[in-house]
Amino acid sequence: MNAPRPLSPHLGVYKFMYTMSLSILHRITGLAATIGFLALVWWLMALATGPDAYARAMQLVGTPLAKLLLVGFTFSFVYHFCNGIRHLVWDTGRGLERAQARRSGAFVIVTAVLLTALVVWLGCRALAVVP
Amino acid sequence: MSLRTPLGRVLGKGAAGDGVGHWWLQRVTAVALIPLTAWFAISLLGKQLQSYDAMRGWLGQPWVAVFAALLVVTIAWHSKLGVQVVVEDYVHGKGSKTALLLLSLFVHIAAAAAALFAILRMALV
């Protein structure tokens, strides 16, 4: 079965369009959102354990690395959310023309960046108040 | 003339042998997650996250606990289906593929169990 066989054209034969990176980004942000979900579960467990465990968890959340990760998870989730809606619209058979798909792709990127900025700003405010 | 057996046609499972169940459930959980995640994110952003009492008081409310439970179960389900597609597409060794799929399944079930336990504890204790 290892004889060289003719291969059907794969990704490399197509001219690059940004919609291609949006497509793979949907998977990457999906995987990142899975890690984010595990972080959410860890946070819920800390909250359920008690005040000391929650204080320790929030101390960890306050470190620069954790903040950077949180911004990354936020963008991942927001992008996956917006692009997921784009996929659901495609599933109804709408918006599949090339020009439409490019336009909705650009719209998703702009929306995701703006929403990320908004959530990060609101998140900073929600984290800033120390009781 | 179709070469498919009548039984195969009725079962509707196609060449891969498990039909459209995976594809459909991924869409069903995706649709459910639109309101659930939006509600959770918006609510969370309006809370004093550093305050244990405020967070505990919020998640301890009956309806909040119910929807938080629905949220974590639906996320775990949707995430399990998504990771499965990625593993099936990019991991080609039979052993490593099976091992990764099992690992992903166990991690997702454990995560859902832990999250449900945490939410129930906050709502009931």
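What percentage of the 125 residues of chain B count as buried? The share is 20%. This is a predicted model, and the report below takes its two chains in turn, then their contact.

## Chain B: overall build

Chain B holds five helices and zero strands. Read from the N terminus, its elements run α-α-α-α-α. The radius of gyration of chain B is 20 Å, well over the 14 Å that the globule rule gives for 125 residues, so chain B is more spread out than a compact globule.

The C-alpha atoms of chain B fill a box of roughly 65 × 30 × 25 Å along the principal axes.

## Chain A: overall build

Chain A has four helices and zero strands. Along the sequence the pattern is α-α-α-α. A compact globule of 131 residues would have a radius of gyration near 14 Å, but chain A has 20 Å. The C-alpha trace of chain A spans about 65 × 40 × 25 Å along its principal axes.

Of the 131 residues of chain A, 21% count as buried. Among contacts in chain A with a separation of 6 or more, 76% come from residues 24 or more positions apart.

## Helix packing inside chain A

Two packed helices are described by the angle between their axes and the distance between the axes. In chain A, helix 3 and helix 4 (residues 98–128) have axes that come within 9 Å. These axes cross at roughly 145°. The crossing of helix 3 past helix 4 is right-handed.

On the helix 3 side, the contact is made by A:Val71, A:Thr74, A:Phe75, A:Val78, A:Tyr79, A:Cys82, A:Asn83 and A:Arg86. Helix 4 answers with A:Ser104, A:Val108, A:Thr111, A:Ala112, A:Leu115, A:Thr116, A:Val119 and A:Val120. By class, the residues of this contact divide into ten nonpolar, five polar and one charged.

## Where the chains meet

The contact between the chains takes 28 residues from chain A and 28 residues from chain B. On the chain B side, helix 2, helix 3 (52–59), helix 4 (62–90) and helix 5 (94–124) each supply at least two residues. The residues on that side divide into 18 nonpolar, six polar and four charged.

## A helix pair across the interface

Helix 3 (residues 64–91) of chain A also packs against helix 2 (residues 21–45) of chain B: their axes come within 11 Å and cross at roughly 135°. That angle makes helix 3 of chain A oblique to helix 2 of chain B. The crossing is left-handed.

From helix 3 of chain A come A:Phe81, A:Gly84, A:Ile85, A:Leu88 and A:Asp91. From helix 2 of chain B come B:Arg27, B:Ala30, B:Val31, B:Ile34 and B:Thr37. The residues of this contact divide into six nonpolar, two polar and two charged.

## Three leucines

A:Leu31 lies in helix 1 (residues 18–49) of chain A. It counts as partly exposed because it has 15 C-beta neighbours inside 10 Å. Setting aside neighbours within four places in sequence, A:Leu31 is in contact with B:Val83 and B:Val86. A:Leu31 and A:His80 are 49 residues apart in sequence, yet their C-alpha atoms are 9.8 Å apart.

B:Leu49 sits in the loop between helix 2 and helix 3 of chain B. Is B:Leu49 buried or exposed? It counts as buried, because 20 C-beta neighbours lie inside 10 Å. Beyond four places in sequence, B:Leu49 is in contact with A:Ala126, A:Leu127 and B:Met55. A:Leu60 lies in helix 2 (residues 51–61) of chain A. With 13 C-beta neighbours inside 10 Å, A:Leu60 counts as partly exposed.

Key. Residues numbered from 1 in each chain as written. Chains lettered and ligands numbered in written order. Predicted model: local features only at pLDDT ≥ 70, side-chain atom pairs only at ≥ 80, totals over all residues. Axes fitted to C-alpha atoms, helices over the stretch in contact; angles between N-to-C directions. Parallel < 35°, antiparallel > 145°, perpendicular 65-115°, else oblique. Left-handed = near helix turned anticlockwise from the far one by under 90°. Contact = placed C-beta atoms within 7 Å. Nonpolar A, V, L, I, M, F, W, Y, C, P; charged D, E, K, R; others polar. Rg over C-alpha atoms; globule rule 2.2 N^0.38 Å. Buried ≥ 20, exposed ≤ 12 C-beta atoms within 10 Å, placed from the backbone.
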